[in-house]
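Please read each point beside the structure.

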Amino acid sequence: MRNTEDCWSYGLFIPRDARAAAVVRATIRSILKATRLDCIADTTELLVSELIANAYRYSRTDSYVSVDRTPENLRVAVWDTGPGTPEPVAAEADNEWGRGLNLVATCADDWGVDDYADLTEGVTGKAVWFTVSPKPNWLVG
């Protein structure tokens with residue numbers, strides 16, 4: 001039987017601002033500390049920071065970050081209106097960009113991209129998401 005106290009959701013509207021990644025990282029760390037999931041804070045911060053940076057780079061509008069906890073894992077999604085479906089690419093050694101989705105694919109337990117369309121508003125976009133699962137021996141009593 002699942003404990004409903006283990007399930008929760010937070011959402012953040014993020015303006016298209018260069019400071020957004022720092023705000024999201026601090027917020028994620030606070031959420032995870034308050035919910036006793038410090039054990040996955042470093043990985044989660046790194047991955048959400050990469051997704052926020054991509055949203056800032058490729059979208060011209062605000063973004064939305066959702067953080068959803070189930071008894072099995074933590075799912076973080078960054079919603080934006082940027083074009084296309086992102087995929088990991090091989091970055092050149094001297095490139096300053098291009099490694100974010102490779103980090104997500106390597107460090108997350110699972111990840112993906114969900115396309116969406118709001119036909120009433122004529123808005124299209126995507127949510128790039130990842131999951132991180134705390135290991136049973138990491139949980140604090």
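**Notes on the predicted model**

1. The side chain of Lys 126 has a polar atom 2.9 Å from the backbone oxygen of Gly 82. The side chain of Lys 126 also makes a polar contact of 2.7 Å with the side chain of Asp 80. A polar contact is a pair of N or O atoms within 3.5 Å; within protein, one must be able to donate a hydrogen and the other to accept it, and residues adjacent in sequence count only if both atoms are side-chain atoms. Lys 126 belongs to strand E5 (residues 123–132) and is buried, its relative accessible area being 5%. Buried denotes under 20% relative accessible area, exposed over 50%, and partly exposed the range in between (1.4 Å probe, protein chains only).

2. As to the basis of these values, the model is predicted: local features need pLDDT of at least 70, side-chain atom pairs count only at pLDDT 80 or more, and totals for chains, interfaces and linings use all residues. Residues are numbered from 1 along each chain as its sequence is written, and side-chain values use heavy atoms, with hydrogens and water left out.

3. The chain has 3 helices and 5 strands, in the order β-α-α-β-β-α-β-β from the N terminus. Helices (H or I, at least four residues) and strands (E, at least two) are DSSP runs, numbered from the N terminus. Of its 141 residues, 34% count as buried.

4. Ala 127 is likewise placed in strand E5 and counts as buried, at 0% relative accessibility. The C-alpha atom of Ala 127 is separated by 9.6 Å from that of Ser 63, the two residues being 64 apart along the chain.

5. Which residues line the largest cavity? They are Ile 14, Pro 15, Arg 16, Asp 17, Ala 20, Ile 52, Ala 55, Tyr 56, Thr 61 and Ser 63. The structure holds 1 cavity of 30 Å³ or more, and the largest cavity contains about 50 Å³ of space. On a 1 Å grid over the protein atoms alone, a cavity is a set of points where a 1.4 Å probe fits but cannot get out; lining residues have an atom within 4 Å of a point. Grid points are joined across faces, edges and corners, and a volume is the space filled by probe spheres set on the points.

6. Helix H2 (residues 41–58) gives the largest share of this lining, 3 residues. Ile 52 is found in helix H2 and is buried, with a relative accessible area of 4%. Between the C-alpha atoms of Ile 52 and Ile 14, 38 residues apart along the chain, the separation is 8.9 Å.

7. In helix H3 (residues 100–107), the buried residues are Gly 100, Leu 101 and Val 104. Viewed down the axis of H3, its buried residues fall within an arc of 95°, so they line one face of the helix. The arc is that of the directions from the helix axis to the C-beta atoms.

8. Most residues other than glycine have a negative phi. Arg 36 lies in the loop between helix H1 (20–34) and H2 and is partly exposed, with a relative accessible area of 47%.

9. The structure holds 0 disulfides, a disulfide being a pair of cysteine sulfur atoms within 2.5 Å. Cys 7 is partly exposed at a relative accessible area of 36%, and Cys 107 is partly exposed at 35%.

Terms used:
On a 1 Å grid over the protein atoms alone, a cavity is a set of points where a 1.4 Å probe fits but cannot get out, and a pocket is an open set with protein on both sides within 12 Å along at least five of seven lines; lining residues have an atom within 4 Å of a point.
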